[in-house]
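Visitor: Could you show me how to read the packing of a helix, and then a sheet, in a model like this one?

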Amino acid sequence: RGGLVTLGETLGLLVAEDVGPLSLAKGMRLSMGGAESNVAIGVSRLGVAATWIGRLGRDPIGDLIERNLLAERVHTVVHRDDAPTAMMLRERRTGSVQNVTYYRHGSAGSHLRPEDVPAGVVEDAGVLHLTGITPALGEGPAAAVREALRRARAAGVPVSVDLNYRSRLWDAATAAPVFRELAAAADMLFAGDDEARIALEVDDRTGPEKLASGLAELGPREVVIKRGRHGATALIGGELIDVPAVPVQVVDSVGAGDAFVAGYLACRLTGRDPHEGLRTAAVTGALAVTVPGDWEASPRPHELTLLGAEEDVRR
Ligand code: KDG
């Protein structure tokens with residue numbers, strides 16, 4: 001059986017080079033980001049096959065995305081669309097607070113549809129990975145997600161879901177039933193505490209253990225609550241596991257959750273157990289926040305010990 005297969009929208013990304021109001025920015029660094037392609041790159045860097053399925057515009061940003069994915073050895077199933085590739089701007093308002101502005105309405109990626117998922121690709125996957133962003137992009141993307149899920153289930157392919165709530169795309173009340181549907185179809189489920197609360201429609205008095213067990217009751221055997229600098233709380237086949245975060249200097253926290261998921265899934269895809277998956281995830285998540293950009297810092301296997309390195313300069 002193959003590696004990771006994922007689908008979703010990847011966007012062009014402009015990140016302000018300096019901290020401060022974006023309206024005063026002198027330089028912007030051009031890159032790309034997308035929750036699913038971030039995971040695909042993270043998995044690929046760790047030496048595990050990954051495939052990304054999506055729609056891009058016939059434009060230079062579409063070319064940039066395809067080129068980066070190929071350079072990262074991610075297999076791509078790219079459909080080109082008349083609409084433009086979506087963009088996002090990231091303002092680094094303070095050293096730790098970032099504001100994202102999306103330009104994605106009517107984008108190529110939002111035209112994703114079930115026919116874009118080629119026969120056999122999901123069926124041959126080791127894991128199908130989906131996020132709660134894609135169903136929020138429109139009816140076509142939501143139908144593509146459901147079609148991929150149906151095929152994975154029929155072929156006995158394990159399904160991984162990261163809820164990834166995006167308030168610019170929909171509100172919590174609309175997202176909640178869709179999140180529960182995705183959770184019920186998942187074997188492995190990832191959520192931030194806030195996203196778990198949206199799915200379960202509970203308030204912030206509900207702690208991580210309760211959130212994990214609430215989500216596990218919906219069906220998934222492996223539930224991981226991602227808690228950023230507080231680490232993660234997982235419920236794996238009934239066993240509660242707490243994983244501390246690896247302390248790092250935060251430069252850009254966006255993409256940390258995706259890198260965490262990539263570390264976990266790369267381990268699971270290569271037959272390692274959830275404990276090792278969670279330890280690796282804590283490291284890949286921590287490394288992601290050390291540089292600007294979502295996926296650039298993803299480690300290769302020999303770099304997993306980087307944060308514990310004794311010497312600063314290695315010659
Ligand atoms: O997880 C990081 C993503 O949020 C970012 O890369 C863009 O996929 C994205 C989204 O829709 O927010």
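Guide: Two residues are in contact if their C-beta atoms, placed from the backbone, lie within 7 Å. Helices (H or I, at least four residues) and strands (E, at least two) are DSSP runs, numbered from the N terminus. This is a predicted model, in which local features need pLDDT of at least 70 and side-chain atom pairs count only at pLDDT 80 or more, while totals for chains, interfaces and linings use all residues. Residues are numbered from 1 along each chain as its sequence is written.

Visitor: Which residues of helix α6 are buried?

Guide: A residue is buried if 20 or more other C-beta atoms lie within 10 Å of its own, exposed if 12 or fewer, and partly exposed in between. In α6 (residues 208-216) the buried ones are Pro208, Leu211, Ala212 and Leu215. Seen down the axis of α6, these fall within an arc of 100 degrees, so they line one face of the helix; the arc is that of the directions from the helix axis to the C-beta atoms.

Visitor: Against which elements do the buried residues of α6 pack?

Guide: They pack against α4 (172-185), β10 (188-192), α5 (193-200), β11 (222-226) and β12 (232-236).

Visitor: In what order do the four strands of the open sheet lie?

Guide: Two strands pair if DSSP finds at least two bridges between them. Here the order is β3-β2-β6-β7, with mixed pairing. β3 (28-33) and β7 (98-103) stand at the edges with a single partner strand each, so one side of each is left without a neighbour in the sheet. Strands β2 (residues 11-16) and β6 (residues 87-92) pair in the parallel sense over four bridges, and Leu14 stands opposite Leu89 in β6.
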